[in-house]
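Please open the model in a viewer and keep the selection panel at hand.

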Amino acid sequence: MAKVTIDGIEVEVADGTTILNAARQIGGEVVPPAMCYYSSLKDTGGKCRVCLVKVTQGSAKDPRPMPKLVASCRTPVMDGMVVQNITSPEVLEARKGVVEFLLLNHPLDCPVCDQAGECDLQNLSYEHGVGKTRYEEDRRTFEKIDIGDKIKLHMTRCILCYRCTFVADQLTQERVHGVLNRGDASEISTYIEKAVDNDFSGNMIDVCPVGALTDKTFRFKSRVWFTKPLDAHRDCDKCCGKVVLWTKGDDVLRVSARKDQYNEVKEYICNECRYDHKDMKDWTIEGPRHIDRHSVISQNHYEKIDMQKLKLDIDRQLTFQKGKQLPETTNP
Amino acid sequence: MLTNRSKLVVNKKMTFAEKIYLPALLSGVAITIRHLFRKGATVRYPETKRPIAEIWRGQHVLKRDDKGAERCTACGLCAVACPAEAITMTAAERKKGEENLYREEKYAAKYEINMLRCIFCGLCEEACPKEAIFLTDRIVSTDYGRGEFIYGKDKLVEKVDERIDVTKRQTQNVLEFKQQKRLSHNK
């Protein structure tokens with residue numbers, strides 16, 4: 001077990017846990033954002049640099065600070081480590097720079113993009129980005145590609161997080177797509193545009209943090225904040241069968257896997273559940289999906305409040321507020 | 001008595017002048033005649049119109065760009081900003097060969113504003129990222145049924161040869177935004 005202090009809050013975690021996961025055990029505002037790390041996919045992380053944190057004390061044995069900001073998703077904790085995330089202006093400044101880099105080539109097509117409203121990059125740039133870009137060159141452009149008949153790839157929107165290739169590697173039998181070329185010219189592609197066609201390929205849509213991989217069956221159907229998300233399940237022999245139905249009236253517009261508070265899927269669903277059962281009758285409806293009240297999707301969305309969860313949230317917020325005052329008192 | 005508003009009824013005997021009613025009647029007629037020669041409080045709409053503010057918020061217009069393509073991309077921000085929930089839309093994908101009709105790859109196949117719901121607050125115009133919707137100085141005309149007040153694209157989109165001037169409603173921020181030529185949709 002290792003004791004770490006993140007933004008003044010102490011937490012005890014198992015050896016080998018990364019700083020990011022230690023912060024997630026605390027929860028709340030101290031959790032660094034992550035665009036490429038995905039808890040249910042092995043070896044993800046370290047690519048987007050959004051989760052940078054400052055280590056002010058390496059460990060109890062060697063209390064020197066780490067010379068540079070480190071990627072929290074890849075750095076394991078040490079006993080006695082002291083980490084600063086949002087309490088360090090340096091980290092916030094660096095994160096702002098990273099967001100600006102991620103947005104360099106990202107097109108300004110949120111009004112057209114189906115991901116708008118549930119996009120990690122949108123949330124990230126809203127919280128950490130600057131309103132204006134300093135980039136004056138032309139943005140890189142790619143043609144739209146159909147990956148199979150169900151997935152549309154907008155390479156212009158891609159931020160090269162590699163999550164989709166990890167899905168292909170770890171969930172499906174044979175990977176037929178990857179990242180071609182290098183640097184500015186790198187792009188996700190299938191060899192000779194070969195269709196990605198296996199039972200779990202649809203999960204690429206869910207893991208994509210931006211709108212680069214979108215569901216073709218949902219393309220331009222509705223803005224996500226006009227739909228009603230419902231938790232539902234069915235008996236499926238291939239997957240867990242637990243999904244979210246995005247409905248409008250009695251129509252099921254889209255089926256997706258359930259994402260947790262960090263927008264990560266823990267239980268993947270198969271393509272049959274995703275594409276072939278767009279009918280309310282096929283599903284057992286559990287009730288409205290929990291939507292964070294800061295999300296635009298929560299507009300006109302009503303759900304039952306989980307009092308226990310609410311109490312946990314409030315308690316966590318109170319501990320966090322107490323922790324925020326700690327550094328001020330120790331360094332006058 | 002509790003409210004202190006009750007009045008005592010007095011059965012007072014009227015005088016002779018009061019009994020013949022004529023003085024009261026004449027004073028009433030005098031008031032009427034005096035008003036006949038005053039300037040009226042009303043105007044004869046539609047022949048004469050009252051002056052309105054330059055930035056009057058009246059009937060909406062969906063603008064086209066310089067080449068005549070519709071600017072609206074059905075992003076739904078106006079509908080989500082609308083406090084009266086008057087706006088609904090259905091999006092569709094632009095097909096090849098329709099580039100001169102719609103500016104973006106997605107467009108509003110159906111766009112409806114319920115003018116009975118609309119409170120003309122102008123939030124839709126403020127939310128619009130594509131400078132597509134504007135409120136104009138036109139007044140929404142009257143009609144007989146409720147159904148006629150649901151304005152579709154036929155009434156909202158401006159005609160190619162009959163452009164509607166909205167320069168007075170474009171704020172400084174909007175104009176500055178438009179001058180950023182590096183944003184592809186301004187090119």
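Begin with the largest nonpolar core, which has 72 residues; select Met35(A) and Cys51(A), the residues with the most contacts inside it. A nonpolar core here is a set of buried Ala, Val, Leu, Ile, Met, Phe, Trp, Tyr and Cys residues joined through C-beta atoms within 7 Å. A residue is buried if 20 or more other C-beta atoms lie within 10 Å of its own, exposed if 12 or fewer, and partly exposed in between, with C-beta atoms placed from the backbone. At least three residues of this core come from each of domain 1 (2-99 + 312-330) and domain 2 (221-301) of chain A, bounds that come from an automatic or database domain assignment.

The model is predicted: local features need pLDDT of at least 70, side-chain atom pairs count only at pLDDT 80 or more, and totals for chains, interfaces and linings use all residues. Residues are numbered from 1 along each chain as its sequence is written, while chains are lettered from A and ligands numbered from 1 in the order in which they are written.

Next, centre on Cys51(A). Not counting residues up to four places away in sequence, Cys51(A) touches Leu20(A), Pro32(A), Pro33(A), Ala34(A), Tyr37(A), Ala71(A), Ser72(A) and Cys73(A); contact requires C-beta atoms, placed from the backbone, within 7 Å.

Now select helix α1 (residues 19-26) of chain A. Because 6 of its 8 residues are buried, this helix is largely enclosed by the rest of the structure. Its buried residues, Leu20(A) and Arg24(A) among them, pack against β1 (2-6), β2 (9-13), β3 (52-57) and β5 (81-84) of chain A. Helices (H or I, at least four residues) and strands (E, at least two) are DSSP runs, numbered from the N terminus. Gly27(A), with a positive phi near 85 degrees, follows α1(A).

Turn to the chain contact, which takes 14 residues from chain B and 11 residues from chain A. On the side of chain B that touches chain A, strand β2 (residues 87-93) of chain B gives the most, with 3 residues.

Then select residues 90-129 of chain A, listed by UniProt in an unreviewed entry as "domain: 4Fe-4S His(Cys)3-ligated-type"; such annotations may be inferred rather than shown by experiment. This segment is 60% helix and 0% strand, and its end C-alpha atoms are 15 Å apart.

Finally, colour chain A by pLDDT, the predictor's confidence in each residue, from 0 to 100. The mean for chain A is 87, and 95% of its residues reach 70 or more. Over residues 326-332 of chain A the pLDDT is below 50.

Key
Two residues are in contact if their C-beta atoms, placed from the backbone, lie within 7 Å.
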